[in-house]
Amino acid sequence: MAELGTARWPHVDGGLVVVPVGSVEQHGPHLPLNTDTTIAEAVADVVSDAWIAPPLAYGASGEHEGFPGTVSLGRTALSTILVEYGRSICRWADRVVFVNGHGGNGSALAEAVALLRYEGRDVAWFPCSIPGADAHAGRTETSLMLHIAPEHVEIEAAVVGNTDPVATLMEHMTVSGVMSVSSSGVLGDPSGATPAEGTDLLAGLRQRFVSAVERWTPDDLGILR
């Protein structure tokens with residue numbers, strides 16, 4: 001693993017580039033706005049013999065715009081950025097994988113990666129998803145952040161949010177935003193979150209990511225499984 005941002009051009013020799021993709025959006029009253037980016041960076045920073053690029057820190061977060069601090073590019077603009085980024089970096093990189101920390105970026109990534117692959121570029125993406133995880137700023141993300149960046153977690157400010165299944169909330173959130181279903185911005189319950197749980201969760205994500213990169217078999221959506 002080598003940091004692309006601090007490298008000098010004579011030392012850059014192609015290979016695999018890992019690009020964290022996140023967001024700047026509310027994560028309840030206790031987690032920082034860059035939570036998704038921080039998690040994506042932590043997952044990305046594990047592959048040996050790869051360049052780790054500076055993160056793409058803004059995403060498609062329109063559903064969170066009812067909360068101050070959120071900055072959203074929107075799906076269309078994000079897709080365009082990803083396409084142009086991929087076209088440029090593939091002038092010298094052999095392979096590129098975007099590591100996505102924000103679920104709302106998924107459709108833009110799928111669209112952009114599909115086009116890049118159609119154009120003959122070896123690009124894929126990996127979602128930082130955890131089976132059984134709560135949706136947003138709940139126990140899962142809180143545990144991860146307590147492990148990765150505890151200095152940025154204000155755990156005493158954590159509150160229980162809307163714990164209804166996300167599937168039942170999605171239509172309403174899509175139309176009216178997260179604020180309409182959770183005044184705190186939390187979708188889930190951060191109670192019981194611990195750094196130890198975050199350690200295990202991150203280890204699992206990293207193991208899945210390394211295995212997916214080693215297999216390098218993008219599916220129809222360009223996702224490494």
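Helices and strands here are DSSP runs, numbered from the N terminus. I am working from a predicted model.

**Entry 1: Asp49**

I looked up Asp49 and found its place in the loop between H1 and strand S3, which spans residues 50–52. Is Asp49 buried or exposed? Asp49 has a relative accessible area of 72%. The cut-off for exposed is over 50%, so Asp49 counts as exposed. I also checked Asp49 against Ala196. The two are 147 residues apart in sequence, and their C-alpha atoms are 28 Å apart in space.

**Entry 2: strands S4 and S5**

Next I went to S5, residues 123–127. How many residues of S5 are buried? I noted 5 of 5, so S5 is mostly covered. I then took the two faces in turn. Val123, Trp125 and Pro127 lie on one side of S5, with Ala124 and Phe126 on the other. Both faces are covered, and these residues are all buried.

I looked for the pairing of S5 with S4, the strand of residues 95–100. S4 and S5 pair in the parallel sense, over 5 bridges. At one place in this pairing I found Val96 opposite Val123 of S5.

**Entry 3: salt bridges**

I turned to charged side chains. Side chains of opposite charge can pair when their charged atoms come close. How many salt bridges are there? The count comes to 8.

I began with Arg95 and Asp122, which form a salt bridge with the closest N and O atoms 2.7 Å apart. Arg95 is in strand S4, while Asp122 is in the loop between helix H3 (106–118) and strand S5. The pair therefore ties together parts that are 27 residues apart in sequence. I checked the accessibility of both partners. Arg95 is partly exposed at 33% relative accessibility, and Asp122 is partly exposed with a relative accessible area of 24%.

I then looked at Glu119 and Arg121. Their salt bridge has its closest N and O atoms 2.5 Å apart. Glu119 counts as partly exposed at 31% relative accessibility, and Arg121 counts as partly exposed at 25%.

My next pair was Glu197 and Arg139, whose side chains meet in a salt bridge of 2.7 Å, N to O. Which helices does this pair join? Glu197 lies in helix H6 and Arg139 in helix H4, so the pair ties together parts that are 58 residues apart in sequence. Glu197 is partly exposed at 23% relative accessibility, and Arg139 is partly exposed at 34%.

I also noted a network: salt bridges that share partners join Glu84, Arg87, Glu119 and Arg121.

**Entry 4: helix H4**

Having met Arg139, I went over the rest of its helix. H4 runs over residues 139–148 and is mostly covered, with 7 of its 10 residues buried. Which residues of H4 are buried? I listed Thr140, Glu141, Thr142, Ser143, Leu144, Met145 and Leu146. Arg139, at 34% relative accessibility, is partly exposed.

Last, I asked what the buried residues of H4 pack against. The partners are helix H1, residues 35–44, and helix H6, residues 195–215. H6 is also the helix that holds Glu197, the salt-bridge partner of Arg139.

Terms used: Residues numbered from 1 in each chain as written. Predicted model: local features only at pLDDT ≥ 70, side-chain atom pairs only at ≥ 80, totals over all residues. Heavy atoms only, no water. Buried < 20%, exposed > 50% of the residue type's maximum accessible area, 1.4 Å probe, protein only. Helix = DSSP H or I, 4+ residues; strand = E, 2+ residues; numbered from the N terminus. Contact = heavy atoms within 4.5 Å. Salt bridge = Lys/Arg side-chain N within 4 Å of Asp/Glu carboxyl O. Pairing = 2+ DSSP bridges.
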